[in-house]
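Me: Please go through this structure with me in questions and answers. I should like the cut-off behind each term to be given once.

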Amino acid sequence: MNSNLFNYTIRIADTCLILGQRMSEWCSNGPTLEEDIAMSNISLDLFGQANGFYEYASKLDGIKSADMLAFKRNEREFFNYQLVEQINGNFGKTIVRNFLYDAFTLLFYTELSNSKDDTLAALAAKSLKEVKYHLRHSKNWLIRLGDGTSESNQKVQEALEELWQYTGELFEMDEVDNELLKTGTSVDISKLKSKWDEIIDSTLKTAKLNRPKDSYMASGGKKGIHTECLGFLLAEMQFLQRAYPNAKW
């Protein structure tokens, strides 16, 4: 098994799964019926992306199924970005979290679709169609909330200040990224930062929001180090598989 390729693939799958689970929590709780449906559909998109990458990781592993990878690993065995595991909070906070991630993912999948690994390239190209909508959704709402009432502006500004510390990790390269970069398999995510900054800065300006200052940046998601949010999420998400191992419908 190519351990670097497996690790790279499962990181992407984990990030999609965890954000998908977070977005599923909005089902029947959206501020309007239209938004309830929109956020539920985004959740389904993310689950679909996760499944594609898990299936590939399962093939690379040769032993564990996609379901086993998703439901039978512990917190320290997940390698998603810390940003996506943060709780939904109010609607504005969810929008801020998703916008920061969506802007990155659009750039990431665009580059990954050119990977020398045909499967990763195909999965990225397929996901890119959905991610374009995800970014449009979160960006439009961020502008509406930022340039809305004083209360909505305050709430999304507070969310920005709280979540900003988790954005630095998005652009960190490690040994897995660097090794696969040599074969044209991975993406040099450090080079995405300037384009991400452009998307963020232009949107925040339109939304009349202030970009937080770069200070402490949390890190470690790709190494299995997480905030307390992830443990509670996994306990709920994995309950059925843990309580009834190998259960069949």
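Me: How far apart are the end C-alpha atoms of helix H2?

Reply: This is a predicted model, in which local features need pLDDT of at least 70 and side-chain atom pairs count only at pLDDT 80 or more, while totals for chains, interfaces and linings use all residues. Residues are numbered from 1 along each chain as its sequence is written, and side-chain values use heavy atoms, with hydrogens and water left out. Helices (DSSP runs of H or I, at least four residues) are numbered from the N terminus, and the expected span is 1.5 Å times one less than the number of residues. H2 covers residues 33-61, so its 29 residues should span 42 Å, and this agrees with the distance in the model, 41 Å.

Me: Which residue follows H2?

Reply: The residue after H2 has a positive phi, near 80 degrees. This residue is glycine 62.

Me: How many disulfides does a search of the whole structure find?

Reply: A disulfide is a pair of cysteine sulfur atoms within 2.5 Å. The sulfur of cysteine 229 is 19 Å from the closest cysteine sulfur, in cysteine 16, which is too far for a bond. The number found in the whole structure is 0.

Me: Is cysteine 229 buried or exposed?

Reply: Buried means under 20% relative accessible area, exposed over 50%, and partly exposed in between (1.4 Å probe, protein chains only). Cysteine 27, at 43%, is therefore partly exposed. Cysteine 229 has a relative accessible area of 14%, so its class is buried.

Me: Which helices each supply at least two residues of the lining of the second largest pocket?

Reply: On a 1 Å grid over the protein atoms alone, a pocket is an open set of points with protein on both sides within 12 Å along at least five of seven lines, and lining residues have an atom within 4 Å of a point. Residues lining the second largest pocket include Leu17, Phe47, Tyr54, Asp67 and Met237. The helices are H1 (3-24), H2 and H3 (66-71).

Me: What is the volume of the largest cavity?

Reply: A cavity is a set of grid points where a 1.4 Å probe fits but cannot get out. Points are joined across faces, edges and corners, and a volume is the space filled by probe spheres set on them. The largest cavity is lined by 15 residues, among them Arg11, Ile12 and Tyr81, and H1 and helix H5 (91-112) each supply at least two. Its volume is about 170 Å³.
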